[in-house]
Amino acid sequence: MWRRKLFGGREFESSLSKLISETGISRQEAEKILRQCNGDLKLAKQQAQAGVLGQTSRSIAGKNGELPSSSAGSYSDAPPPYSETVEGAMSLPGSLPPPYVSQEKQSLLGELKAVFSSDNVEERCCACFDRIQPDKDEGFSGEVIWQGLKAYHAECFLKARGPKCEHCCFALIAFPEKGLSGKWGIYNGCKYHEECYLQYAGPRCSTCFDVINVDPENGFSGKWVNESNKQFHEECYKKKLYVEMRAKHS
């Protein structure tokens, strides 16, 4: 009996009318909220206003696209933090592994093995005819390569019969006079001196214009992103997204 009097009397109808006029919600919604608040007009008004604000923010997000999330739970005029800009506001294309893969010297020799010659054995190189022994001045490590009954300096064998750099066409060994350290790697299935890759052959980032390569000292992991036929360091691409988001929401 008391519930019927509470939710159907003049006092309830008066509170219902005030709630509708002050919040602008429908009669059905206002009646539902007022019943949940046991006729408390002040509490019902707070809940109704909170519901209207939530619907308004959702409608704006539906028109303009999903707004970036923020740690505070609400979006302000300032752009979101850097990490949220990259991970939430704009999707980052899948990063690719470093395009240049460093290789070990031994992989150049294939099945052949380089061994150090004995000091007591005077084997001579079939390419340069010098004795196979360590000689820093001439660039010989002392390693010997046997191909059948023929012996070679490891350096002479690689220089004459080993793979060549796709850019400079020199053997993939050290040439100090040419500024080549002997380090090499593979890019797009081709072999390059590390120096040739970094200076000439490697893909360049469209933001910083440096060659995409593993460079921990300068903060580059070597991972990269390809977008619209443009290459970017993964780190440079994230910074690019951040700048775009700041411009968009400034």
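1. Partly exposed here means a relative accessible area between the buried limit, under 20%, and the exposed limit, over 50%. E244, with 35%, is therefore partly exposed. The model is predicted.

2. E244 forms a salt bridge with K240, at 3.1 Å from N to O. The two residues lie four apart in helix 8, so about one helical turn separates them. K240 is partly exposed as well, with a relative accessible area of 21%.

3. K240 has a salt bridge to E227 too, where the closest N and O atoms are 3.5 Å apart. This pair links distant parts of the chain: E227 sits in strand 7, K240 in helix 8 (residues 234-249), and 13 residues separate them. E227 is partly exposed at 27%. Through shared partners, the salt bridges join E227, K240 and E244 into one network.

4. Strand 7 (residues 224-227) runs antiparallel to strand 8 (residues 230-233), and four bridges join them. N226 stands opposite Q231 in strand 8. Two residues lie between the strands of this hairpin, and S228 takes a positive phi near 50°.

5. Another salt bridge pairs E13 with R27; their closest N and O atoms are 3.2 Å apart. E13 belongs to helix 2 (residues 10-23) and R27 to helix 3 (residues 27-36), so the pair links distant parts of the chain, 14 residues apart. E13 is partly exposed, with 32% relative accessibility. R27 is partly exposed too, at 42%.

6. The count of salt bridges comes to three. Side chains of opposite charge can pair when their charged atoms come close.

How values were computed:
Residues numbered from 1 in each chain as written. Predicted model: local features only at pLDDT ≥ 70, side-chain atom pairs only at ≥ 80, totals over all residues. Heavy atoms only, no water. Pairing = 2+ DSSP bridges. Salt bridge = Lys/Arg side-chain N within 4 Å of Asp/Glu carboxyl O. Buried < 20%, exposed > 50% of the residue type's maximum accessible area, 1.4 Å probe, protein only.
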